[in-house]
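Dear colleague,

Please find below a structure that I am handing over to you. My notes on it follow directly after.

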Amino acid sequence: MNDETKKQINERYEKELDKGERFWPDTIFKDVIMSLGIFILLLLLASFIGIPAEAKADPSDTSYIPRPEWYFLFLFKFLALYGQLPLIGKIEWLATVLVPGIALGILTLIPFIEKNPNRHYSKRILPISIMTIMVVGIVLLTLMSEIHTVSEDGSTLLGLLQTIAGIIIPTAAYILLFAFKNKTRFMIWTTSLAAVSMILISGIVLALAPEKTSEETEVATTLPDQIVAGQDLYSIHCTECHGDDGSVAIIEGVEGLEGEKITPINSRDVLYTITDSAMIEVIAYGRPNAGMPPYGKTYGGELTRGEIDYIVIFMRYMWDDRFEAPEIQPLYPPLADGEVPSYDVHIQPIVKRYCISCHRAGKDNNNYLMTTYEEILTTGDNAANNVIAGDENSYLLQTIQEHAIMNPDNPDEELIGVMPPTKALKPDIVDAFIRWIMNGMPRTATDAAALFTAPTPTP
């Protein structure tokens, strides 16, 4: 920096001082006010909007795939793309140590490399061009962070396009910018073409990428919700052997365990003598010698640690008389006289609570599945007779009213036993099934409401 330039800068600084603007305390005061405003905004957002709750962390769950926060996604994607480069791509330390180290070194040395005293943008084309390409690259890598480099069919086209947009074009642009840093027009054209090319190729990647499917995880945040979640999970995974209330002492209707004697898990002998942590371990690891499979994901089951916690909470508050259960919403809205139940509002929660434990894939159930509306109406070895609109002799109605279905070819042979095999359903649940089937199995509440017949008032 020559003396003339220093003189100009000092003169401009003195003019700013004459206007009454000083770094201390004026500029610092403004920064403090702005920081306080941002802090208050964050407090308001956290208090009134917040973030969606996620399932409880389970360090032993190897099925969980960690993901970085959004502001690190571009680095996450850069490492993934770097791994696609031939020859050097699989040398991880180059991508994780050398490349970031070079980038940090360049940032540190910028004051020594870029000594241009001019601050007007027209005099600083090189740094502005470098930052423009960098910002465009960060944004595009973030947008493409969820797109795999290899498609399910084995195609690497998307990975190649991402590598071109995220690494090859920016690298080539940086080389050209430094090689022709004294040619302003060339640098502007290089930056513009690089940015546009990166955007267009990234747009093609986003357009060709398969639609992302995400599985939503319901997280119970209140005690009543946790109890209900635990009861639903218990109904699916445990009712088949232990019954809906945990009172079964002899297992019935379960292949391989028929007639097996077990301790009722709703008894004081279990609830008073086994701690919560011991219950969690039993559910997670199972009891292989007694025929109980492991349910924890760590041991090859289906349940996360948080879901197992819900089951234990349900058992404690609903069966352990030392715990006072909060008010729990009913399983489904009570039916008025003449009201027709719908699958969405009434039948689905009933089926989830009492039927899915046995009637899902992988169970001995005559291939009759009940996890969806379509499965209830169309599946099973006796699909034509299981559910018939308006027919009180439908197999489903007969079995839940404790009438076994006998084999037409051999009247002494039981074709389908009563359902559930361990304990009869409550009368109101049976009534809901009868009303639903006899009125054509409406799916939605709107369909059911159209069939509602108001009772005739008595004089």
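Which residues does Phe 314 touch, not counting residues up to four places away in sequence? They are Ile 227, Gly 230, Gln 231, Tyr 234 and Trp 319, where contact means heavy atoms within 4.5 Å.

Two remarks on the source are needed here. This is a predicted model, in which local features need pLDDT of at least 70 and side-chain atom pairs count only at pLDDT 80 or more, while totals for chains, interfaces and linings use all residues. Residues are numbered from 1 along each chain as its sequence is written, and side-chain values use heavy atoms, with hydrogens and water left out.

Phe 314 belongs to helix α12 (residues 305–319). Helices (H or I, at least four residues) and strands (E, at least two) are DSSP runs, numbered from the N terminus. Because its relative accessibility is 2%, Phe 314 counts as buried (under 20% relative accessible area, with a 1.4 Å probe and protein chains only). Phe 314 and Ala 325 are eleven residues apart in sequence, and 9.2 Å separates them in space, C-alpha to C-alpha.

For the protein chain as a whole, there are 18 helices and two strands. Buried residues account for 32% of its 459 residues. Of the contacts between residues at least 6 apart in sequence, 57% join residues at least 24 apart.

Helix α6 (residues 157–179) and helix α7 (residues 184–208) have axes that come within 9 Å and cross at roughly 175°; the axes are lines fitted to C-alpha atoms over the stretch in contact, with angles from 0 to 180 degrees between N-to-C directions. The two helices, α6 and α7, are therefore roughly antiparallel (angles over 145 degrees). The contact of α6 with α7 comprises 17 nonpolar, five polar and no charged residues. Here Ala, Val, Leu, Ile, Met, Phe, Trp, Tyr, Cys and Pro count as nonpolar, Asp, Glu, Lys and Arg as charged, and the others, Gly among them, as polar.

Finally, the second largest pocket is lined by 45 residues, and Ala 103, Ile 106, Ile 130, Met 134 and Tyr 174 lie nearest its centre. A pocket is an open set of points on a 1 Å grid over the protein atoms alone, where a 1.4 Å probe fits, with protein on both sides within 12 Å along at least five of seven lines; lining residues have an atom within 4 Å of a point. Helix α4 gives the most to this lining, with eleven residues. By class, the lining has 32 nonpolar, eight polar and five charged residues.

Yours sincerely

Methods
Parallel < 35°, antiparallel > 145°, perpendicular 65-115°, else oblique. Buried < 20%, exposed > 50% of the residue type's maximum accessible area, 1.4 Å probe, protein only.
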